[in-house]
Each structure stands twice: as structure tokens, then as C-alpha cells.
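This briefing concerns the ligand site of the structure shown below. Please keep the sequence and the model in view while reading.

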Amino acid sequence: MTDPAPTIETTLRDPLPSGLYVVATPIGNMEDLSPRAVSILSRVNLILCEDTRSWRKVSSRFNITNKFQSYHNHNEIARTEQLIEKLEEGDSMALISDAGTPAISDPGYRLIKACHESGVKVSPIPGPSAVIAALSASGLELNEFQFLGFAPVKPGKRQKLVERTLNSEMTSVFYESPHKLLKTLTLIKDLDSQREIVVAREISKKFEEITRGSALEIFEDYSKRKSIKGEFVIVVSRHDKKKTYRLDL
Ligand code: SAM
């Protein structure tokens, strides 16, 4: 028999064990912050934020007045040692990123690794992540998938990413910027115009759009638009034939 899940009231009464809590925060809609995340963020000794401006928006919405400081790509090397010392002394800390789940194409890896190496407990507080949200609404096969992070900026590396996705026998998913979306859609449709793809835009926000179709259809749809704005995730269906896709440059 497993223990019944604790309610928010019981977790709020319990003392918070020391360690690092890796807390997922909303990727758009504030209602997606879980009650457990609010409880943890209200009770840790310190919140480590990738972006203090984003945190201020969340904290004011949920009336969280706890202590926070910045922890991002530019200070994580310098800060990690000092934070580990405090955690070893018994502090509790929450790590949050700008939006979504920390360490998924976001800072956190160094601190989380250092915690494991120093015997500091690490607990995930699960919640929103753009990659999982896009996959979940894609209607593509998800028994297996590969996540490729951000589409690279350099053209040669971007082409390699497209080849990897088109040749993969797993569904592929990656983050894309609005400025490069059409470039990537062009590469995909030039190699396999009929490949089923999904473009997830502005998930959980006012202008959310989940567009599914062949690479050619999606390319035509986006190339007709006056401007391309927002945050994007691209999901590409798996390759189930014996053909190899290669860009001859
Ligand atoms: N760690 C984050 C997560 O778990 O969602 C992802 C961080 S990554 C730095 C940010 C990228 O995620 C954006 O550039 C965009 O490609 C994607 N993204 C974030 N929020 C999104 C949203 N609401 N809709 C679509 N894509 C989003």
C-alpha cells in the first residue's frame, strides 16, 4: 500500500526538509503553478531565480514574499560552491528558471550535479515544460522521442539537426526562435514535404496555436503570415521507412 498523497494543508504544516527543490513554474498561464510549488516556494530559505523580473511577476500573483537571489548562466560557476556550503549546513533552496522546468535548456545543471556530488538531497517539483506540453498535444507517437534542445543558429548545424530529426525512428522535438522558424520549415519541407509535423506556439498563452499538418502545409501557412512572433516548439514525426534524408550542399 502506498501512503495517501499529502494535501496542501499537511505539507504546509510539516517542516521543510533541507535540500534543493527544482521547481517548475508557468510557461505562460499563471494558473499552472501547482499548489505544492507555491508551498515549497513560500517555505524554503532561499529561492534561486534565473530571472528576478519573471519571479517578481509570479511572486506578486501568489503573495510569496520569500528571500530570492539570481542564479543564471553568468554567475552559476561563481555561486555554486557558496550555495553548496549553505545547503550542506542544512538550508533549503528552490531553483526556478525564467519559465518552465529548470535545467531543461536552462541553467541548473552545475548546481544540481554539485548537490548530488556533495550528498545534498535534490527533489523535483514537477510542472510545466514547453517540450512536454508540445509533445502531449501533438497527436504524434510518443512511446519514444528525442529532445534536441534549441535549433542551432549556425546554418550547417541547423541542417544537421534537420537531418537528425528526419532520419530518426523516434518522434523529435526541439525549440525554435520566431526569426528562424521559416528557415527550418523550409529545410524540412525541401527534404520531405509530406512529413507530419506540429508547430506549438505560445502554449498556455492568449495566442496559443497548435498547428499540425504536412511539412509543406505548415510551411505554406507560416510563410503567408505578415509577421511571426512568440515562442515555438517544433515536433517532427518519426521516420519509418528505409530512406536516408541528406541535404546536398
Ligand atoms: N526550461 C523551459 C521549459 O521547461 O519549458 C524551456 C526553456 S528554453 C530557454 C525556452 C524556449 O522554450 C523558448 O525559446 C521556446 O522555444 C520554448 N517555450 C517556452 N515557453 C513556451 C511557450 N509558452 N510556448 C511555446 N514554446 C515555449
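Why does the ligand lie between domain 1 and domain 2? Domain 1 (8-128) and domain 2 (131-236), with bounds from an automatic or database domain assignment, both contribute residues to the shell around the ligand, so the ligand lies between them. The model is predicted, with local features requiring pLDDT of at least 70 and side-chain atom pairs pLDDT 80 or more, while totals for chains, interfaces and linings use all residues. Residues are numbered from 1 along each chain as its sequence is written, and side-chain values use heavy atoms, without hydrogens and water.

**Shell**
- The ligand is surrounded by 19 residues (a heavy atom within 4 Å), the closest being Ile104, Ser129, Ala130, Ile203 and Phe232.
- Strand 7 (171-176) and strand 10 (232-236) are the elements that give two or more residues to this shell (strands are DSSP runs of E, at least two residues, numbered from the N terminus).

**Polar contacts** (pairs of N or O atoms within 3.5 Å)
- A polar side-chain atom of Asp106 is 2.8 Å from a nitrogen atom of the ligand.
- A backbone N or O atom of Ile27 lies 3.0 Å from a ligand nitrogen atom.
- For Ala130, a backbone N or O atom is 2.7 Å from a ligand oxygen atom.

- Of the 570 Å² of accessible area that the ligand has on its own, the protein covers 90% (Shrake-Rupley method, 1.4 Å probe).

Definitions and conventions:
Polar contact = N/O pair within 3.5 Å; in protein donor to acceptor, adjacent residues only side chain to side chain. Helix = DSSP H or I, 4+ residues; strand = E, 2+ residues; numbered from the N terminus.
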